[in-house]
Amino acid sequence: MTEDVSSLWPIMDIFINIFMPTTVHIPDPLLKSVDRRAKALGISRNRLVVRALEQAVSVPSSWAPEFLQRLRHVDRDTSAAVDELLIAVTQARRSKAPRDL
């Protein structure tokens, strides 16, 4: 008996939209720490990582681009400090291009 798999696509589509398999490269020492923490909490590594990511993306950025623009108009010293800060942050980035602020 052969079942028509096209009838399963709506179910499979829902599953694919809820769970997206992803590969992330985590340094060994960090992964060991994640495993220890997950074990201590009694949850899976995956659940711990998902919780951490949910927390990370739910916290709004503390500095809006408008905030930095306003600081530039306070006085000359503050403007220079903002420029120095942005240069330092840009130079410290390693894995992606800097955002336009």
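Modeller: Buried means under 20% relative accessible area, exposed means over 50%, and partly exposed lies in between. The model under discussion is a predicted one.

Colleague: Is Arg45 buried, partly exposed or exposed?

Modeller: The relative accessibility of Arg45 is 40%.

Colleague: With which residue does Arg45 form a salt bridge?

Modeller: The closest N and O atoms of the pair are 2.6 Å apart, and a salt bridge requires such atoms within 4 Å. The residue that pairs with Arg45 is Asp35.

Colleague: Which helices does this pair link?

Modeller: Arg45 and Asp35 form a salt bridge. The two residues are ten residues apart and link distant parts of the chain. Arg45 belongs to helix H3, and Asp35 belongs to helix H2 (residues 28-41). The helices are H3 and H2.

Colleague: Is Asp35 buried, partly exposed or exposed?

Modeller: Asp35 has a relative accessible area of 29%. Buried would need a value under 20%, and exposed a value over 50%. Asp35 is therefore partly exposed.

Colleague: What distance separates the C-alpha atoms of Asn46 and Asp35?

Modeller: Asn46 lies in helix H3 (residues 45-58) and, at 55% relative accessibility, counts as exposed. Asn46 and Asp35 are eleven residues apart along the chain. Their C-alpha atoms are separated by 9.6 Å.

Colleague: How many salt bridges does a search of the whole structure find?

Modeller: One of them joins Arg45 and Asp35. The side chains of Glu54 and Arg47 also meet in a salt bridge, at 3.6 Å from N to O. Glu54, at 43% relative accessibility, counts as partly exposed, and Arg47, with a relative accessible area of 34%, is partly exposed. The search of the whole structure finds two.

Colleague: Is Ser79 buried or exposed?

Modeller: Ser79 is found in helix H5 (residues 76-92). Not counting residues up to four places away in sequence, Ser79 touches Leu71 and Arg72. Its relative accessibility is 17%, and the limit for burial is under 20%. Ser79 therefore counts as buried.

Colleague: What percentage of the residues of the chain count as buried?

Modeller: The secondary structure comes to five helices and zero strands, in the pattern α-α-α-α-α along the sequence. The accessible surface of the chain is about 9400 Å², with 59% belonging to carbon and sulfur atoms. Of the 101 residues, the share that counts as buried is 7%.

Conventions
Residues numbered from 1 in each chain as written. Predicted model: local features only at pLDDT ≥ 70, side-chain atom pairs only at ≥ 80, totals over all residues. Heavy atoms only, no water. Helix = DSSP H or I, 4+ residues; strand = E, 2+ residues; numbered from the N terminus. Buried < 20%, exposed > 50% of the residue type's maximum accessible area, 1.4 Å probe, protein only. Contact = heavy atoms within 4.5 Å. Areas by Shrake-Rupley, 256 points an atom, 1.4 Å probe, with all protein chains shown as cover.
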